[in-house]
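Here's a quick briefing to keep open next to the viewer.

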Amino acid sequence: MHSIIFVAFVVTVRALEEDPTTTYYRLYRDGTEFYTQKNFSFAKTLLEKSLEDYRFYHKNAINCRVECRRKNSLLLENFEDSRKSTDILEIGLFENFIHQSKCMKRCFKKVFGERPDHIHSSESKRIDKDFETGRVYQYLQFCYYELKEYTKAACAAYTYYLKHPHDQNAQRNVQMYREKMEVKDEEFVDLDRKSYQEFHIQGENAYYEGNWSGVVDNFERALSEFYREEQNCRLQCEGNLIIPSPPPPGDFFHYLKELYVPILRCQVDCEYKLSRVFADHQEDFIEEHYNFLQYAYYQMGDFERAAQAIGAFLLFNSSHREMLQNRLFFMTRLGYHDSHLSARKEAVQYIEMRNRLESLLYFAESNDLNKIEGDSKEVEHYLKEFEKLGIKLIQTPSDLKGRRFVAEGVLRDEQQEELLNLMKATKMKSAGIQTTSIPKAIQAVKTDPDLEISLRLLLKLSEAVRFYTSKFLNQTSFYTKETKVICRGPPDPEDKEAESDCFPQEDGSCADLEQEHLEGDPDEFRAVLYINDVEKGGETVFLNRKNKALAHVFPKKGHFTVFEALDKHMVTPPSSQRCVILMTFSTEKVKDNPEYRQAMLFLNDLDEEKVRKLHVDNVRKVEELTREGVSIVQSGQELHGTERFVADGLITEGECQNLISLLEAGGLEGDGYYGDRTPLTPNEVFTGLTAQRARQRGGIEGDGYKGKAVTGHRKISPHTNHEIFEGLTVGRATQLVKSGNLPRDLVQLFLGASERARILVENFFNLTRPLYFDYTHLVCRKAVQEEENDRLDLSHPVHADNCLIQPDGSCLRQFPAYIARDYSAVLYLNEKPDFIGGEFFFAHGNKTEQISVSPKCGRVVGFNAGEYHGVRAVQRGRRCAIAMWYTMDPNTQELARFQAQKKMADQDDVRKETPESKNDGEFGTVLRKGEEKILHFQKDPVEKSLLNNKDSEINVVTETGESKRFQSEPILNKEQENADISGTDVMTGDKDTLQTNNHGEL
């Protein structure tokens, strides 16, 4: 009897296998029936066959969808070209549906033959779910176990466990096969493992072995396979149609929407379902591939592909701190810019597809019947952020009658001086034109090392203009084809032929009058940054086809204009020398010129030479500081952090008083830069001094920069109405020495004291690269009404110096924060009882106070620029300090300080033989203990500042009793005062309280 039943079962199984109409539905249903009858051998066979057919059907169904979509894409391209109206659009869409349907039927017939159509019923849905959730492996596992095929049983149990890692029965089954059945770990195989998962595992193994080519090969293949698998998942969702029951009321489109939403929901879930390698889902699964790739490519020296992988990673996770630091490294150290660091094409396409699916699903499932349409606000956002940095749009495309614009704010006076120094190293060409390219600038630096800062400045300014232009034009990929400095002089009055033969172009060439268009590529743009003012002529004139003027751009220092390379234009003859930085940009990567990166590598070589000398020099300088009594009093955990310290004894009491006197002589009230409201708190007045105003005179009444007449409230800080600021910059102090309005020794003291602080910070944190000054500011803050003791405001709100504080307590080191800043320090010049309040404090992520530090003469607080910190309100008196920001990027170092050192050196040459100059130490006139000489500034007892007294004098009393008198220069008239604008800036890192005063670097 048993043999008869066995034969019958064999005949049944073979008949099912040979029957072309047999589907995995029937195989699975019959297999589970044999399972319930405990006929595990036949159940195993049928379940294995059902799994095989399930894979066969879905693989080929997806292939048909892919092929039909590929063929239909040609129809869509033709349709795009012929679209004329909404009616044609709708007809085209349904034409697409019909083509897809017919193509799918033909493909299914070819692949599956007589196989019945996929029927959607409650039973078929249940069976499909059993395959999707892995329930089929539960049946198989028990069949294998009963048949004593323990290795196969273990694999089936393991496969189910990976789909249900929190199922305790699944966990126990896997453990049982490992312990009782002695199945080895390497014998456990995921029967559903995809190729992208296998490549991911091999890539991680290669990473831990240091096999970088293996990392690249496996993770590139893993990415490619993942994107293909994710697309297949979305296509498979189209086959899982759910028919609404009962059918929804309404018209045809409402019914279509009800059919499509479940498919859309399934497609949105595909990434989540596939984002795993073993058991648990990985939130950052895709971006981790790019993380491995960026590191491996970097290790292999393939910086370009590493940059693209960084861009792709940040497309998925834009706030990742370590990857933002990697991006910053590529930009500041390797000479790459944002277009080089743009995301890879496949990542951009995937993110766009995913975002559109998610937004469509949200809209489809929302109860709001009105979708709000609107254009992207990205361009407007960036323009507002640029305005905070002082870069403003002053002529729009409509003003210039074309795809052109003019902006201002990227060039300052001291930068102009360095660029013109670079041009002195270049010989004049014929026709009075002088040109310096980046390679020529490199050669000039090799000849004259003092021109290094000029080369750095040229690179920085060209990158600033490129970045602004890319955002204005909303170009994600924007590359520099060429950068050069061009100066042209007035025309030769005897050369009359030149005026009639051509239109002078910005690049120094001539355009033929008969040409309707200029030669060039439509994907290219030209940018012209004017280095100096021209009193008359030198305009950039845009022309129409008939050579008539459409628009004029006047050459004004710091302005830059951008236009299409094919725009017909001319340069009118200038009355004096006209110098510009001419840049050509392209949207095509093949036109990216490597000169910029070559220059950065050249400068990096110079930096490495400085690094080699750093250790020996600094050991000697630190030993000198230690002998002079400088000591660390708090650090690290004592200050509830890591990169924090407090040191005492950097300068003496007498030096503190002299620095305060220096500020009193040359500072500006208001914001300390323009004389406006202080950048830190509306309860303080900020007095400051810039290099530009210093060239004209000393202190300025009113706004402190432009000489505007202002009332008292303009001097109040924007954050609190109770304090006043005073400030002095290195540039202004140096110029006042040159004009004879300040004693040289005090400015040397200013430079020397801040330099000692820099050396202390650099060595305490054991930095392997030198620190450069990013900005230096001597500041005092004082209470306006000293009787207020119950103030709850802060003198300086909680912020970070190089990042934007977010609501969740994190801090993003990205534009518009001053991302180049790495460390900060404050050197205090006085203490209680000179003032009450004003304590410096470190803060938590929620902006509450963590630990405070009381100011004291000679005390330095040094910290990482990303640390959160603030200043308590100054309730009484005046609190003074030197604020310093440092960078490890020499391209953003403080230019005013560089020029101050050169000018002081020039004066040293003049003073070389004078007796008082022989004892100046390495740090300038930072005097040693026991050697103090007090320099007192004698002022009018009523008017405490030079700002309000045309005839003020400074009496400098030396230790010998000799009195030197320094006469302040007269107040300038309004026109003279308004003619000078500074470009230096301070900005806090908090998004909510972002304030700028134009001393930061772009």
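A cavity here is a set of grid points where a 1.4 Å probe fits but cannot get out. Keep in mind that this is a predicted model. With that in hand, the structure turns out to hold twelve cavities of 30 Å³ or more.

**The second largest cavity**

- Its volume comes to about 80 Å³.
- Twelve residues line the second largest cavity, and the ones closest to its centre are I453, L457, K460, N891 and Q893.
- Helix α21, which spans residues 452-472, supplies the largest share of that lining, with four residues.

**Nonpolar cores**

- The largest nonpolar core has 49 residues, and Y468, F560 and I581 are the members that touch the most others.
- Helix α21 shows up again here: ten residues of this core come from α21, the largest share.

**A histidine in a loop**

- H337 sits in the loop between α15 (321-332) and α16 (345-365).
- Is H337 buried or exposed? H337 counts as buried because its relative accessibility is 3%, and the cut-off for buried is under 20%.
- Which residues is H337 in contact with, leaving aside its neighbours within four places in sequence? They are M331, E463, R466, F478, Y479, T480 and D592.

**The chain as a whole**

- The protein chain has 1002 residues, and buried residues make up 53% of them.
- For secondary structure, count 29 helices and 29 strands in the protein chain.
- Take the contacts in the protein chain between residues at least 6 apart in sequence: 76% of them join residues at least 24 apart.

Methods:
Residues numbered from 1 in each chain as written. Predicted model: local features only at pLDDT ≥ 70, side-chain atom pairs only at ≥ 80, totals over all residues. Heavy atoms only, no water. 1 Å grid on protein atoms, 1.4 Å probe; cavity = no way out; pocket = protein on both sides within 12 Å on 5 of 7 lines; lining within 4 Å. Points joined across faces, edges and corners; volume = space filled by probe spheres on them. Helix = DSSP H or I, 4+ residues; strand = E, 2+ residues; numbered from the N terminus. Core = buried A, V, L, I, M, F, W, Y, C linked by side-chain atoms within 4.5 Å. Buried < 20%, exposed > 50% of the residue type's maximum accessible area, 1.4 Å probe, protein only. Contact = heavy atoms within 4.5 Å.
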